[in-house]
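Colleague: May we go through this model together, beginning with the sheet and then turning to helices and single residues?

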Amino acid sequence: MDITVAIDCMGGDHGPHVTVPAAVKFQRRYPDAHIILVGLRELVEPELRSIRAEISPRLRIHHASEIVTMDEPPALALRGKRDSSMRVAVNLVKSGEAQACISAGNTGALMAISRFVLKTLPGIERPAIASILPTLRGHTCMLDLGANVECTPQQLLQFGIMGATLMASVEHIAKPSVGLLNIGEEDIKGSEVVKQAAELLRDGDLNFYGNIEGDDIYKGTTDVVVCDGFVGNVALKTSEGLARMLATFLRHEFKRNIFTSLAGLIALPVINAFKRRVDPRRYNGASLLGLRGIVVKSHGDADSIAFEFAIERAAEEVRNGVLRRISERMALIHQGLA
């Protein structure tokens with residue numbers, strides 16, 4: 001199955017220096033992959049020459065004259081920069097020239113542009129940011145991670161449906177379990193929105209586990225974790241901060257004196273295996289679920305390895321028909337409500 005992905009080469013903290021090598025490496029690994037490099041031609045071409053890559057039918061440049069900066073207001077990016085690399089890459093998905101778009105750029109701008117250009121799928125009120133996270137049991141999909149600060153119970157239900165469909169499609173889990181993130185497992189706990197959402201999820205055609213707490217995320221209690229964007233973003237950033245703190249503490253302890261340094265050398269194989277297992281680069285790439293097109297957001301400071309994983313995430317969604325499956329699932333639900 002041939003797959004064409006549009007890469008916003010100018011997005012992120014490092015721009016073409018990271019995005020171009022990652023895209024080329026991905027394309028070389030997959031014979032069915034076609035890459036459209038979107039950005040300033042005068043900046044993209046030197047990066048291609050530096051890695052000895054040549055333009056071909058499977059690798060081409062689509063010039064875009066403007067760049068959305070990382071701190072740019074979404075409204076300004078949407079209305080004032082119609083030829084930005086981000087906007088052009090999303091437009092390529094809208095026109096059908098590409099099946100997916102990947103950007104490491106401004107999250108707010110990417111969501112605003114994607115929602116304006118692509119629109120949402122039937123039955124989906126708002127798109128959600130979803131990411132795959134490592135757990136003790138494998139992986140879990142958590143959404144929303146920041147797109148929607150306040151949500152209705154119906155929107156949380158839609159997030160659960162989209163998350164379950166993503167995990168069934170990409171992770172090939174027959175009936176993914178869905179948990180609703182709350183301040184306690186008991187039904188009486190949480191806000192009225194969360195309580196009503198729990199009822200909708202329980203009555204829906206989902207494998208609803210019930211309420212889960214924050215420590216359940218990385219236990220892997222459920223395959224999908226549903227929450228509003230405020231809670232999800234705080235939980236995710238807290239996790240990232242904790243991981244950095246523990247890594248720093250570990251380095252400091254091993255460097256405390258000559259004996260701890262020797263212990264570190266002995267433990268090096270275990271440490272390296274642990275680092276590979278929890279390497280955040282392997283989980284880079286958050287999906288903007290609910291749109292009429294596949295859009296994946298890479299972390300802004302991603303290196304080429306991490307950005308390549310984001311491209312692979314998008315390609316997996318294309319290969320497994322995530323868009324079609326969400327549409328079909330929503331259509332069945334609406335038929336049942338009619």
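**Strand pairing, helices and buried residues**

Modeller: This is a predicted model.

Colleague: Which residue in S11 is the bridge partner of Ser103?

Modeller: The bridge partner of Ser103 is Lys297.

Colleague: What is the order of the strands in the sheet?

Modeller: The open sheet is formed by 11 strands in the order S3-S2-S1-S4-S11-S10-S5-S6-S9-S7-S8, with mixed pairing. Its edge strands, each pairing on one side only, are S3 (59-63) and S8 (207-212). Ignoring direction, neighbouring strands of this sheet are turned by 25° against each other on average.

Colleague: How do S1 and S2 pair?

Modeller: S1 and S2 pair in the parallel sense over six bridges. Within that pairing, Leu37 of S2 is the bridge partner of Ile7.

Colleague: And how many residues of S1 are buried?

Modeller: Six of the six residues of S1 are buried, so S1 is largely enclosed by the rest of the structure. In a regular strand, side chains alternate between the two faces of the sheet. In S1 both faces are covered: Ile3, Val5 and Ile7 are buried on one side, and Thr4, Ala6 and Asp8 are buried on the other.

Colleague: Let us move to helix H1. What length does H1 reach?

Modeller: H1 has 14 residues and reaches 19 Å from its first C-alpha to its last, close to the 20 Å expected at 1.5 Å a residue. H1 is also mostly covered, with 10 of its 14 residues buried.

Colleague: Which residues of H1 are buried, please?

Modeller: They are Pro16, Val18, Thr19, Val20, Pro21, Ala22, Ala23, Val24, Phe26 and Gln27. What covers them includes strand S1 (3-8), strand S2 (33-39), helix H2 (41-50), S3 and helix H12 (304-319).

Colleague: Why does Gln27 count as buried?

Modeller: Gln27 counts as buried because its relative accessibility is 7%, and buried means under 20%. Leaving aside neighbours within four places in sequence, Gln27 is in contact with Ala33, Ile35, Ser56, Arg58 and Leu59.

Colleague: Changing topic to helix H7: what span should its residues give?

Modeller: At 1.5 Å a residue, the 12 residues of H7 should span 16 Å, and the end C-alpha atoms are 17 Å apart, which agrees.

Colleague: Which residues of H7 are buried?

Modeller: Val194, Ala197, Ala198 and Leu201 of H7 are buried. Because they cover an arc of only 105° around the axis, they are on the same side of H7. As background, an α-helix has 3.6 residues a turn, so residues three or four places apart point the same way. The buried residues of H7 pack against helix H6 (153-170), S7 and S8.

Colleague: Where does Asn182 lie?

Modeller: Asn182 lies in the loop between strand S7 (177-181) and helix H7 (192-203). Asn182 is buried, with a relative accessible area of 10%. Not counting residues up to four places away in sequence, Asn182 touches Lys189, Gly190, Val194, Asn211, Ile212 and Glu213.

Colleague: Now for H10 and H11. At what angle do their axes cross?

Modeller: The axes of helix H10 (residues 258-266) and helix H11 (residues 268-278) cross at roughly 65° and come within 4 Å. Gly264, Leu265 and Ile266 of H10 make the contact with Leu268, Pro269 and Ile271 of H11. The residues of this contact divide into five nonpolar, one polar and no charged.

Colleague: Two residues remain on my list. Is Ile132 buried or exposed?

Modeller: Ile132, found in strand S5 (residues 128-135), counts as buried at 5% relative accessibility. Beyond four places in sequence, the contacts of Ile132 are His139, Thr140, Cys141, Leu166, Met167, Glu171, Tyr283 and Arg313.

Colleague: And where is Gly290 found?

Modeller: Gly290 is found in the loop between strand S10 (286-289) and S11. Gly290 is buried, with a relative accessible area of 3%. Leaving aside neighbours within four places in sequence, Gly290 is in contact with Lys119, Thr120, Leu121, Ile124, Pro127 and Met162.

Colleague: What distance separates the C-alpha atoms of Gly290 and Ile129?

Modeller: They are separated by 9.1 Å, although Gly290 and Ile129 are 161 residues apart along the chain.

Note on methods
Residues are numbered from 1 along each chain as its sequence is written. This is a predicted model: local features need pLDDT of at least 70, side-chain atom pairs count only at pLDDT 80 or more; totals for chains, interfaces and linings use all residues. Side-chain values use heavy atoms; hydrogens and water are left out. Two strands pair if DSSP finds at least two bridges between them. Helices (H or I, at least four residues) and strands (E, at least two) are DSSP runs, numbered from the N terminus. Axes are lines fitted to C-alpha atoms, for helices over the stretch in contact, and angles run from 0 to 180 degrees between N-to-C directions. Buried means under 20% relative accessible area, exposed over 50%, partly exposed in between (1.4 Å probe, protein chains only). Contact means heavy atoms within 4.5 Å. The expected span of a helix is 1.5 Å times one less than its number of residues. The arc is that of the directions from the helix axis to the C-beta atoms. Ala, Val, Leu, Ile, Met, Phe, Trp, Tyr, Cys and Pro count as nonpolar, Asp, Glu, Lys and Arg as charged, and the others, Gly among them, as polar.
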